[in-house]
Amino acid sequence: MTFGPFILKDVRIVGDNLVLDLADSNNVVKHSPKRKLRYGQSAEAKRHAEGLKGGLVTTETFDPIKWPSKDWWLSVAAYSEKKADVPQSRIKIFGPPGTGKTTTLIKAVTDHMKAGGQTDKIAFLSFTNNAAECARDKVIEATKKVFPDRDLSLMDFPNFSTLHSLATRIGGLLGNSILDNEKLKLFDPSIRNEVVWMKLGDPSSAEDRPDHTPLAIQSFARARCITLDEAVVQGRFGEIYSPHFRTALQNFFKSKHGQVVTLQNLDLVKLYLNYYNKFKKDNRLADFDDVIDNAQSEAFIENIPAYELLIVDEAQDLSDLQWKLVNRLVAKARQVIVAGDDDQAIMVPFGASPNAFLKFEGELDILKQSWRVPRAAHNYVMEHSMPTLKARFPDRQDKDWLPTEKAGHVHTEMQKMVRPKGQSGNPTMETNPINLPELLRMVKKSMTEQWLIMAPTKSTCQDISIGLRELGVPHYLRNRPVLDPDKANSAVRVMSIHTSKGDEAENAALVISSTADMAMIEADPRLAYVALTRAMKNMYPNVRR
């Protein structure tokens with residue numbers, strides 16, 4: 001919620017705080033909220049605030065329940081009179097691979113600014129922090145050309161974020177502290193964590209994520225707004241029936257609480273989750289799902305901000321729970337743009353609801369020209385992937401999109417000279433499907449070219465990385481550097497399909513190396529569609545071990 005308007009009388013540094021002196025119409029200071037200098041972009045925040053001195057401003061804080069606006073601020077903006085109400089506009093954009101969806105959304109932002117829209121009244125919500133930051137940076141770059149006289153910075157666009165960050169900023173924690181992995185270990189030390197690098201070669205982008213089946217079941221159930229029983233079936237959590245899983249949870253109760261528990265399967269999971277939820281309540285903690293759930297609740301409606309322009313990107317990856325919050329935001333927004341592509345909805349196993357995107361009502365805009373996918377790759381996808389998508393998902397949005405003018409190449413076979421056994425006779429040319437060792441040898445010869453090697457499972461990604469390491473090929477494994485690729489000028493990346501969405505490369509390869517890989521591809525053909533549409537030049541669609 002915005003705080004103000006007030007006259008910004010002064011901007012001061014007091015200790016380790018950046019303080020704003022906010023005055024009333026008589027120029028009497030009424031509040032002096034502070035912002036910790038250790039927060040990100042503090043120098044930019046100071047410069048931005050000083051540029052607003054003497055004018056009417058409003059501020060926003062991070063979690064106004066825990067950090068009241070009269071005492072704390074996170075962003076400050078020039079105050080603008082509320083405009084006369086106009087009919088709400090809603091646009092639903094479908095962006096097939098490489099069709100310039102982000103460019104279209106950025107143009108919507110600059111067009112809104114040309115019409116006099118305030119930058120702090122624009123919300124751009126994306127699926128990841130990295131995507132939101134990338135969109136914000138592109139908007140700032142675009143505004144330099146459109147508004148050369150305006151010195152716009154990160155502080156002018158405070159609402160480019162994930163939906164979770166927005167929910168936290170408007171008070172979705174309800175005064176609780178976020179349940180991070182350190183606190184989670186206090187509840188159950190046996191919980192494993194996975195560290196994920198969100199940006200290429202950038203350790204500061206690392207996120208520490210819990211990898212624990214009972215918590216995943218509850219999160220899936222909340223995401224889909226279903227029961228735990230339904231979540232086990234829909235989310236395919238068959239591991240709860242294994243003896244190893246049962247023993248691990250029973251050991252939790254024995255070691256932490258001195259209890260001998262004989263429950264099994266889902267009953268055991270439910271008891272564990274009862275303890276987990278009680279731990280959160282007793283320690284005033286909230287996890288990510290709590291923050292979204294709180295922010296979308298009926299009691300929270302007054303806290304929902306009203307934006308002049310609300311953009312929701314990658315909407316096919318939002319869960320039913322997240323859509324409840326999106327609908328609250330939509331109800332208060334003047335102009336709404338919801339964008340995505342149901343054919344690329346590969347986050348369904350984690351609770352995403354592409355059907356909610358399909359049902360969203362708005363003026364339809366289907367982007368038709370791909371600026372990435374060449375003709376050969378497009379033809380291959382339309383012949384091999386699209387029929388399966390249409391058969392498996394009859395309610396999908398039909399969309400015809402065009403490839404680039406470039407021809408491109410699809411490589412499914414490889415020719416090599418083979419000598420007869422015993423070294424007698426003339427060598428002959430054999431044609432065989434491309435296998436993984438042959439692909440990796442090709443990569444070694446051209447590692448300064450862009451390579452994006454994808455697999456459905458993390459374990460296959462690890463195997464590919466081991467093969468590259470044995471060949472001495474520097475590369476990035478899920479954004480982490482291996483053998484110093486920056487120094488070697490190597491542009492080879494190994495990614496899971498889920499983390500490659502939105503990415504592209506001159507050479508793109510899909511590796512199917514295990515029964516788990518094949519099972520994932522068969523369970524959701526959208527995975528192959530996403531992987532095969534990353535190629536800008538050469539596509540290797542079916543690399544086997």
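F187 counts as buried, at 4% relative accessibility. The model is predicted. F187 pairs with F279, and F279, at 15% relative accessibility, is buried as well.

**Aromatic pairs**

- A pair of aromatic rings is described by the distance of the centres and the angle of the planes.
- The count of aromatic pairs in this model is 15.
- In one of them, the ring centres of F157 and F160 are 5.5 Å apart and the planes stand at 80°; planes over 60 degrees apart count as edge-to-face, so this pair is edge-to-face.
- Both F157 and F160 are buried.
- The pair of F187 and F279 is tilted, with 5.4 Å from centre to centre and 40° between the planes.
- F187 belongs to helix α5 (residues 181–187) and F279 to helix α9 (residues 265–282), so the pair links distant parts of the chain, 92 residues apart.
- One aromatic cluster takes in F187 and F279 together with F252, F253, Y272, Y275 and Y276.

**Charges over rings**

- R35 lies over the face of W73, and the distance to the ring centre is 5.6 Å.
- R150 lies over the face of F147, with 5.3 Å to the ring centre.

**The sheet**

- An open sheet is formed by six strands, with parallel pairing, in the order β9-β8-β14-β15-β7-β16.
- The edges are β9 (160–162) and β16 (363–366); each has a single partner strand, so one side of each is left without a neighbour in the sheet.
- From one strand to the next, the twist averages 20°.
- Within the sheet, β14 (residues 309–312) and β15 (residues 335–340) pair in the parallel sense over four bridges.
- V312 has V338 in β15 as its bridge partner.

**Helices across the strands**

- Helix α3 (residues 129–146) lies across β8 (122–126) and β9.
- The direction of α3 is at about 170° to β9.
- Helix α11 (residues 320–332) lies across β7 (89–94), β8, β14 and β15.
- The direction of α11 is at about 160° to β14.

Definitions and conventions: Residues numbered from 1 in each chain as written. Predicted model: local features only at pLDDT ≥ 70, side-chain atom pairs only at ≥ 80, totals over all residues. Heavy atoms only, no water. Phe/Tyr/Trp six-rings, centres within 6.5 Å; stacked < 30°, edge-to-face > 60°. Buried < 20%, exposed > 50% of the residue type's maximum accessible area, 1.4 Å probe, protein only. Helix = DSSP H or I, 4+ residues; strand = E, 2+ residues; numbered from the N terminus. Lys NZ or Arg CZ within 6 Å of the ring centre and 35° of its normal. Pairing = 2+ DSSP bridges. Axes fitted to C-alpha atoms, helices over the stretch in contact; angles between N-to-C directions. Contact = heavy atoms within 4.5 Å.
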